[in-house]
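Biologist: I would like to learn how to read a protein model, feature by feature. Could you take me through one?

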Amino acid sequence: MVLAFASIGVASAEDVVAQPVAAVDELPHGQEVSDTVIELAGWVVASKDNQGYPFAIMDKAAAQILVFGGDGRLRGAAPGLFGSATGDHTAPGVAGLALREIPGRDRTTPAGRFVGGFGPSIDAGRVLWVDYDSAVSIHPTATGVPAERRVERLASPSPDDNRVTHGCINVSPGFYEQIIRSTFDRGGVFYILPDKATLAETFPEFAQGRVTTEPKDGKGAPPAHR
């Protein structure tokens with residue numbers, strides 16, 4: 001993985017993100033990280049939107065999760081499994097339903113900025129809640145329902161088969177233990193890129209920063225999501 005953080009007009013390159021040699025990289029060979037993710041990470045650090053807490057950026061389209069320490073240093077990057085339904089909403093009352101009761105259309109991983117941390121759950125013990133109100137958490141992939149082939153999907157080099165969960169985010173057990181658990185032991189901030197909504201709707205302050213700092217191409221403001 002080549003994760004080159006360029007200046008986005010709000011800070012010098014040195015101020016954005018310094019990469020440690022020891023960052024864990026589980027992304028498939030040759031898979032790139034989008035410009036949007038790179039710019040969002042730089043903006044989070046430069047604007048101190050994470051308020052010193054560790055943070056993660058999740059790209060549903062690319063099925064990627066990138067984890068950063070509170071100092072903005074990349075700690076790890078890995079593929080993830082996300083909600084089987086395309087969409088950025090959380091259906092009313094979905095948090096109170098058993099998994100089998102959640103309609104297929106509502107098995108979404110919501111987009112947005114969330115402040116979360118470890119806490120109890122009814123059926124899985126202590127979990128890392130991304131958003132407690134919508135019952136979305138990060139947890140290691142388990143065999144679960146064999147027909148879902150979650151382990152195989154996570155190992156696949158393509159992101160096309162990574163939409164299979166009821167809305168939670170799954171990562172490999174090794175990445176969870178080595179990176180997720182230790183990084184977010186005291187909580188953190190989670191940024192989930194949208195499927196359908198615009199960046200202006202999902203991250204308005206970040207989107208506004210892009211409009212005011214990036215050059216125009218003669219056709220108005222640059223697109224919100226590249």
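Modeller: Start with the idea of a core. A nonpolar core is a set of buried Ala, Val, Leu, Ile, Met, Phe, Trp, Tyr and Cys residues joined through side-chain atoms within 4.5 Å. Buried means under 20% relative accessible area, exposed means over 50%, and partly exposed lies in between (1.4 Å probe, protein chains only). This is a predicted model, where local features need pLDDT of at least 70 and side-chain atom pairs count only at pLDDT 80 or more, while totals for chains, interfaces and linings use all residues. Residues are numbered from 1 along each chain as its sequence is written, and side-chain values use heavy atoms, with hydrogens and water left out.

Biologist: Which residues of the largest nonpolar core touch the most other members?

Modeller: They are Met58, Ile65, Ile138, Phe175, Ile180 and Phe190, in a core of 23 residues. Helices (H or I, at least four residues) and strands (E, at least two) are DSSP runs, numbered from the N terminus. Elements giving two or more residues to this core include strand E2 (55–59), strand E3 (64–68) and strand E11 (188–192). Helix H4 (173–183) is also among them. The largest share, four residues, comes from H4. A second, separate core has 22 residues, including Trp43 and Phe203.

Biologist: What is Ile180 in contact with?

Modeller: Contact means heavy atoms within 4.5 Å. Leave aside neighbours within four places in sequence, and Ile180 is in contact with Ile65, Val67, Leu128, Ile138, Val171 and Phe175.

Biologist: How many helices and strands does the protein have?

Modeller: Six helices and 11 strands. Of its 226 residues, 51% count as buried. Now take contacts between residues at least 6 apart in sequence: 65% of them join residues at least 24 apart.

Biologist: What is the volume of the largest pocket?

Modeller: First, the method. On a 1 Å grid over the protein atoms alone, a pocket is an open set of points where a 1.4 Å probe fits, with protein on both sides within 12 Å along at least five of seven lines. Lining residues have an atom within 4 Å of a point. Grid points are joined across faces, edges and corners, and a volume is the space filled by probe spheres set on the points. Here the largest pocket has about 930 Å³. It is lined by 37 residues, and the closest to its centre are Leu99, Asp123, Ala135, Ser137 and Cys168. Strand E8 (136–140) gives the largest share of the lining, four residues.

Biologist: Is Thr141 buried or exposed?

Modeller: Thr141 is buried, because its relative accessible area is 8%. Thr141 is in the loop between E8 and H3. Beyond its neighbours within four places in sequence, its contacts include Leu81, Arg150 and Pro173.

Biologist: Where does Val164 lie?

Modeller: Val164 lies in strand E9 (residues 163–165). At 11% relative accessibility, Val164 counts as buried. Not counting residues up to four places away in sequence, Val164 touches residues including Phe82, Gly83 and Glu148.
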